[in-house]
Amino acid sequence: MQRFTFLAPLSLALLLVACGDGEPLLPADAVLPDGGRYRGEVIDGLLQGPGRLDYSDGSYFEGQFKDGQFNGPGEWRSKHGDVYGGEFQSGDFHGQGSLTYSDGSRYEGSFANGAPDGEGHLKSSELEYRGEFSKGLYHGLGNLQWSNGASFQGQFNKGEPHGQGVLSDADGDEYVGTFDNNRLNGQGSFKNLSGDLYSGQFRDNQFHGKGRYQSADGEVWSGRFNDGSLTGKGQFKGGDGDHYSGQFRNWQYQGEGRLNLADGSIYQGSFAYGKYHGNGSLTLADGSQQSGTWQHGRLIRDAQGKSVPDTLAIGLLEQGRLLDAAIAKLPASTPAIELYALTLAGDGKQSVFMREADYVGDLLQERFAAHGRITLVNHRDHLADRPLATSASLGRTVQALAERSGKEDLIFIYLTSHGSSQHELNLDQPRLQLDDLPASELATLLEPLKDRFKVLVISACYSGGFIPKLQNEKTLVMTAARADRVSFGCSEENDFTYFGRALFAEALQQTDDLQRAFKLAQASVAEREKADGFEPSEPQIWPAKAVLAQWRKLREQQAKRDRNTAPETQPVVNH
């Protein structure tokens, strides 16, 4: 905090330091013992009234004197360039005045006994303060702004924030409450630019004591905080519907607790580092139960103490067979135009992607008469019964589709997952380390289908960035967002992402025209995002004309086939 040091003139015997405008040419009326030369009235040996006092170092005072001291309005200058103009009393700055330092700093306001005291305004290259002073220090109500963007508004004591106030740091984080020697202590609140909020007790600017923290995503931690983190008994409510009550350490579940998951399952027991660890019981949504000893989130011994096989190991053994079986079910093409469906759910931590991929597969088969379909799924509970969504399994599936389909056929591909600003589709199976799928690699994987008509739909954040790598005359591309925008709806409890619902559950139920369906979905997504207060995702489309034409042929052929196979209406006989 700024402290003030003044060389205030206390008496005529005090040497003043500063450079002036140059000493007057008129001879001095008096010469002081220290060499100072005075021009003005001298009464009974004391300087009185208006006058000027110049010292040999170039400093001077010009103004009112009384009984040998500066008293009344005047100007003081030092050889370093410091300048004071204003009221004096008994040789000190006293009353209203302004003091400008040689470095450009300036104080303007009230002085008492040689120092800022009362209301004033200080401005330098590093800070600006408006408010109350006492004995040269910030004291009372004031507003302090630092050059790095930080600020404090509220009560000061002896130069430091002390009492009620609002502190904003250089990052834009805001602390509100009671400060003690520049630190927030006691009851207060915190918020940052991202929208995270904390309300509760503080110690030295850290969350400490009872409090509640809510993230911008709607996740809420409440309970006992220690040195900035939730540690002890507390609760967590996730934006996706998860709810935990129990012990925490450094924000993670640690100790005894109960976790209600958004999918309806409940775990009661011991945790370590956020995972099931120790004795506990997991009750699934269907009522089935897994009880015993857990380690790093996996049941290793049942309630009777018997070893439980690792589902990951079993699932990996099954993956080759599962993919082979799925590919084997793809029928070969016929002379007619056929539709093949490939759907992929990339992120296995949230069920919304699996639900959406399955719905789209069902829709393409039931409403659009898909000749063959295959779904690749990452999901924490389906490693042993669903083929995984990996680059390798996708590549092999694409090759199989190229071999089973004909050049007249249409391949409808739907990919749903999280996406990155680097335009990569997230492929994540819990307990496995999978590489994400960049747009360039997806384009390479689809090479075997270069002669096939394709409809490719991607529901992911930043998915518009895939279009430049994938667009061509035989590939129609739709994406849930612009290349530089996020999309919404990927929560555990949801059945659809915003775009997935708008396109498949709504638009394609009203029309089979792909371009019109996209426009309907685009408008529906925009309306929902506006209502929710989200930045528009702006879904994108590359409407390949050849694909649109082939899609219309497919639908006309299917309609004709449906008419030819419809049972004849029996004539009504009137009696």
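In the predicted model, Val457 stands opposite Met478 of strand E32. The two strands concerned, E31 (residues 453–459) and E32 (residues 475–479), run parallel and are joined by 5 bridges. They belong to an open sheet of 6 strands with mixed pairing. The strand order is E27-E26-E28-E31-E32-E33. Strand E27 (372–377) and strand E33 (540–542) form the edges, each pairing on one side only. From one strand to the next, the twist averages 10°.

Two helices that pack on this sheet were examined. Helix H3 (residues 391–404) touches strand E26 (339–345), E27 and strand E28 (410–416). The direction of H3 makes about 175° with that of E26. Helix H6 packs on the sheet through contacts with E28, E31 and E32. Its direction makes about 140° with that of E31.

H6 (residues 498–510) also packs against helix H7 (residues 514–532). The angle between them is about 135°, and their axes lie 8 Å apart. H6 and H7 are therefore oblique to each other. The crossing of H6 over H7 is right-handed. Residues of H6 in this contact include Tyr498, Phe499, Leu503 and Leu508. Among their counterparts in H7 are Leu514, Phe518, Val525 and Arg528. By class, the H6 contact with H7 comprises 12 nonpolar, 2 polar and 5 charged residues.

Mean pLDDT for the protein chain is 89, with 93% of residues at 70 or more. Residues 1–20 have pLDDT below 50, yet this stretch has 92 contacts in the model beyond near neighbours in sequence. Over residues 571–575, pLDDT stays under 50 and the model has 0 contacts beyond four places in sequence. Where pLDDT is low, predicted coordinates should not be read in detail.

How values were computed
Residues are numbered from 1 along each chain as its sequence is written. This is a predicted model: local features need pLDDT of at least 70, side-chain atom pairs count only at pLDDT 80 or more; totals for chains, interfaces and linings use all residues. Side-chain values use heavy atoms; hydrogens and water are left out. Axes are lines fitted to C-alpha atoms, for helices over the stretch in contact, and angles run from 0 to 180 degrees between N-to-C directions. Helices (H or I, at least four residues) and strands (E, at least two) are DSSP runs, numbered from the N terminus. Angles under 35 degrees count as roughly parallel, over 145 as roughly antiparallel, 65 to 115 as roughly perpendicular and the rest as oblique. A crossing is left-handed if the near helix is turned anticlockwise from the far one by less than a right angle, and right-handed if clockwise. Contact means heavy atoms within 4.5 Å. Ala, Val, Leu, Ile, Met, Phe, Trp, Tyr, Cys and Pro count as nonpolar, Asp, Glu, Lys and Arg as charged, and the others, Gly among them, as polar. pLDDT is the predictor's confidence in each residue, from 0 to 100. Two strands pair if DSSP finds at least two bridges between them.
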